[in-house]
Amino acid sequence: MTMDATLAGHLQELRRGTVVVAGLTVLRTPGYGYSLLETLSAAGFEVEANTLYPLLRRLESQGLLTSSWNTDEARPRKFYETTEDGAKLAAALRTEWARLDRAITDLDSVPATEGE
């Protein structure tokens, strides 16, 4: 396996959890799937529709999102919104993310061990 393939695999793992936090954060204001894809992409989150839509359904089944159909326009759209539990989870995940970021940053000041 090349270093590029190894990096790509690890980046995919890292991004997977961040999309949950980002989606719950963005959907505090109701939005539909495609608009969420555009918002996340503009913010630097690379996520594909075939990853996002199953995630939205899973978060809804967990009670972290609600959904409703908007049929006012020519094309019906399913809008999602973060629930109170979803907002609490997003806040907890963001707090943990910040803690982990500080911990990783602090590792830079740890002296190398012998043999390195």
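So, tryptophan 97: at 49% relative accessibility, it counts as partly exposed. For that word, buried means under 20% relative accessible area, exposed means over 50%, and partly exposed is in between, with a 1.4 Å probe and protein chains only. Before I go on, this is a predicted model, where local features need pLDDT of at least 70, side-chain atom pairs count only at pLDDT 80 or more, and totals for chains, interfaces and linings use all residues. Residues are numbered from 1 along each chain as its sequence is written, and side-chain values use heavy atoms, with hydrogens and water left out.

Okay, back to the tryptophan. Tryptophan 97 sits in helix H4, residues 84–107. When I say helix or strand, I mean DSSP runs numbered from the N terminus: H or I with at least four residues for helices, E with at least two for strands.

Glycine 23 is buried, at 7% relative accessible area. From glycine 23 to glutamate 38 you go 15 residues in sequence and 11 Å in space, C-alpha to C-alpha.

Now compare threonine 83, in the loop between strand S3 (77–82) and H4. Is threonine 83 buried or exposed? Threonine 83 is buried, with a relative accessible area of 17%. Threonine 83 and tryptophan 97 are 14 residues apart in sequence, and 21 Å apart in space, C-alpha to C-alpha.

On to charges. A salt bridge here is a side-chain nitrogen of Lys or Arg within 4 Å of a carboxyl oxygen of Asp or Glu, and by this rule we get four. I'll take you through some of them.

One of them joins the side chains of lysine 78 and glutamate 60, at 3.7 Å, N to O. Lysine 78 is in strand S3 and glutamate 60 is in helix H3, so this pair ties together parts that are 18 residues apart in sequence. Lysine 78 is partly exposed at 24%, and glutamate 60 is partly exposed, also with 24%.

Glutamate 84 counts as exposed, at 58%.

Also in H4, three residues apart and about one turn of the helix, are arginine 99 and glutamate 96. Their closest N and O atoms are 2.7 Å apart in the salt bridge. Arginine 99 is partly exposed at 39%, and so is glutamate 96 at 33%.

Helix H2 (residues 33–42) packs on helix H3 (residues 49–61) at about 120°, axes 10 Å apart. That makes H2 oblique to H3.

Key:
Axes are lines fitted to C-alpha atoms, for helices over the stretch in contact, and angles run from 0 to 180 degrees between N-to-C directions. Angles under 35 degrees count as roughly parallel, over 145 as roughly antiparallel, 65 to 115 as roughly perpendicular and the rest as oblique.
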